[in-house]
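This report concerns the nonpolar cores and the aromatic side chains of one protein model. The sequence and structure are shown first, and the description follows.

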Amino acid sequence: MSAARVRRLTTAQALVRFLAAQYTERDGVRHRLITGTWGIFGHGNVAGIGQALVEYAELMPYHQGRSEQAMVHAAVGHARHLNRLSAQAVTTSIGPGATNLVTGAALATVNRLPVLLLPGDYFAAHPADPLLQQLEHPAAGDVSVNDTLRPVSRYFDRVTRPEALIPAALQAARVLADPAETGAVTLALPQDVQTEAYDWPGDFFADRVWRVRRPAPDPLELADAVRAVRSAARPLIVAGGGVHHSEAEAALRELADATGIPVATTQAGKGALRHDHPAEVGGIGHTGTAVADALARTADLVIGVGTRYSDFTTASGTLFQHPEVRFLNLNITAFDAHKLAARTLVCDARAGLEALGAGLAGHRVDAGYESECRAGKERWERVVEAALRAPDDSAVPTQTQVIGALDAVVGDTDVVINAAGSLPGDLHRLWRARSPRQYHLEYGYSCMGYEIPAALGVRQAAPDTPVWALVGDGTYLMNPTEIVTAVQEDLPVKLVVLQNHGYASIGGLSEAVGAERFGTAYRYRAADGSFTGDPLPVDLAANAASLGMDVLRARTVGELRAALAAARAATRPTCVYVETDPAPTAPAAEAWWDVPVAEVSARPAVAGARAAYERAAAGRRRHLRP
């Protein structure tokens with residue numbers, strides 16, 4: 001059939017056919033841009049997109065979700081594991097179905113990860129006004145609840161005529177495929193327009209390849225960067241998520257091997273080097289290792305690669321304390337490259353690291369600096385061993401000992417997913433990443449409830465890879481519903497639920513700022529409003545079983561290790577449930593994080609916390625040296 005032939009289809013049918021024909025290509029390898037569509041159908045999308053997905057089921061795989069937010073999380077996990085070269089679409093009804101997308105959209109955009117959102121919308125022709133679930137704005141007749149997606153989308157359009165889909169769909173695909181612009185993309189679809197027929201040009205449905213470029217660094221910027229590295233006595237590389245997205249791990253390893261420059265990693269960048277590489281010094285910032293943060297405080301040149309420098313990475317502006325410290329940022333987006341008044345290399349991470357390595361041929365840091373880094377790494381490894389090791393197999397495991405038991409069971413390519421609570425800090429400091437995509441932390445938005453749905457998306461991206469979702473009880477209660485989807489789609493993800501009967505992370509933070517763990521424990525409420533007695537009789541293991549998971553309960557370290565091994569071998573979705581000993585076994589934070597404390601209060605705990613806050617905040621710096 002000629003590609004130029006006109007085809008009469010509904011707008012929704014045309015969109016599905018268009019998406020099925022979009023591809024990305026990088027380094028000569030082609031990838032399907034939209035690998036499938038998640039959907040929950042209702043008023044506003046069942047008759048349009050829903051019908052189109054039935055019509056073209058052989059072209060566009062469909063996945064049924066249980067929560068709109070969770071569907072976005074699944075799509076984001078999928079895109080991240082595939083290095084942003086593929087994405088998934090998510091369709092919802094109008095009204096609450098659409099507004100439930102906002103959190104997931106924000107997460108995608110904050111993390112620079114592609115997802116296509118297709119919410120239903122009001123009737124463009126307004127034949128009945130208002131209609132079910134329509135927002136009535138008294139000053140703007142064209143506003144709908146989908147406008148809440150504008151600030152969290154990298155591209156937004158409302159397709160109010162069939163023919164308007166053509167430029168909108170092309171722009172949407174362009175942004176999804178562009179590593180410098182990507183994030184959530186929203187095409188709001190009025191429900192009457194979805195079902196309206198139009199004569200579409202056949203070329204709209206022809207295979208279209210979006211080439212993902214590897215822009216090289218500007219020669220003058222590169223020469224300036226090489227001079228900066230050669231003149232630095234204590235350089236430090238901060239590897240962010242851009243290293244993974246660009247598949248630049250080998251280039252980073254070669255640069256570290258050749259120069260001896262130590263490499264610290266952000267939450268998104270962990271795994272850029274294997275944990276046992278001589279130059280790898282672990283996580284950096286508030287959740288970082290002692291060795292990485294000590295090197296950061298004395299670094300005279302910080303080389304950021306693919307990082308956006310969140311407050312956790314910079315310890316809220318207090319980490320980099322060398323009086324002459326300067327920054328060199330290699331990033332595909334100028335927006336991130338220019339942070340901290342840095343010298344810039346605006347380019348692809350792999351291309352930039354390769355060019356920088358070539359320019360530094362023959363250069364190596366001082367042997368004494370290398371020895372210092374190596375000694376710090378060895379000291380930290382002893383701290384890790386102490387935190388991960390349990391005294392004996394009969395002990396009730398602490399949270400870090402759960403991590404140690406999992407570390408002993410997983411293979412080199414297993415994927416470990418987490419996003420919120422106290423686990424991100426423990427994992428960033430203690431997890432020994434063995435492959436580039438093993439460590440999957442969503443810490444740009446740190447969204448409770450991300451882990452389980454993201455595990456589904458990762459498993460779809462890597463069907464033969466064991467995928468683990470680690471959640472505390474607070475996170476589990478936020479979003480367990482996609483367990484049903486895992487059962488329905490036959491995705492044998494592994495879920496580890498750590499029960500500590502409260503919001504442990506925020507509870508500790510609350511105590512530190514003088515709020516005395518208010519509202520962060522599951523306890524019976526007494527008549528005076530205080531919480532007393534035993535934890536609430538909540539059985540999350542039974543809940544997971546009721547949703548279709550096989551559940552293994554572990555009470556001791558020995559039982560936990562056996563349960564994890566059994567879960568790894570399982571061919572069905574499996575949950576390992578363990579109540580943890582709350583005794584602190586994790587190493588303390590090595591750097592500050594800015595959480596403001598009440599300036600005045602009658603409570604002594606607040607006064608002490610405020611004094612500590614002011615001492616720490618005094619170390620904040622504005623980095624302005626060019």
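Two residues are in contact when heavy atoms of the two lie within 4.5 Å. The model is predicted. Leaving aside residues up to four places away in sequence, leucine 252 touches Ile237, Ala239, Val243, Val263, Ala272, Leu273 and Leu353.

**Nonpolar cores**

Leu252, together with Trp431 and Leu564, has the most contacts inside the largest nonpolar core, a set of 82 residues. Helix α15, residues 367–388, gives the most to this core, contributing six residues. A second core is separate and has 47 residues, among them Ala108, Leu117, Cys447 and Ala454.

**Aromatic pairs**

The relation of two aromatic rings is described by the distance of their centres and the angle of their planes. With rings paired if their centres lie within 6.5 Å, the model has ten aromatic pairs. One of them joins tryptophan 592 and tyrosine 613, a tilted pair with 5.6 Å from centre to centre and 55 degrees between the planes. Tryptophan 592 lies in the loop between β25 (574–579) and α24 (604–617), whereas tyrosine 613 belongs to helix α24, so the pair ties together parts that are 21 residues apart in sequence. Tryptophan 592 counts as buried at 19% relative accessibility, and tyrosine 613 is buried with a relative accessible area of 13%.

Elsewhere, ring pairs link Phe18, Tyr198, Trp200, Phe204 and Phe205 into a cluster.

**Charges over rings**

Phenylalanine 205 of that cluster also has a charged residue over its face, as listed below.

| Charged residue | Ring | Distance from ring centre |
|---|---|---|
| Arginine 17 | Phenylalanine 205 | 5.6 Å |
| Lysine 270 | Tyrosine 439 | 5.5 Å |

Conventions. Residues numbered from 1 in each chain as written. Predicted model: local features only at pLDDT ≥ 70, side-chain atom pairs only at ≥ 80, totals over all residues. Heavy atoms only, no water. Phe/Tyr/Trp six-rings, centres within 6.5 Å; stacked < 30°, edge-to-face > 60°. Helix = DSSP H or I, 4+ residues; strand = E, 2+ residues; numbered from the N terminus. Buried < 20%, exposed > 50% of the residue type's maximum accessible area, 1.4 Å probe, protein only. Lys NZ or Arg CZ within 6 Å of the ring centre and 35° of its normal. Core = buried A, V, L, I, M, F, W, Y, C linked by side-chain atoms within 4.5 Å.
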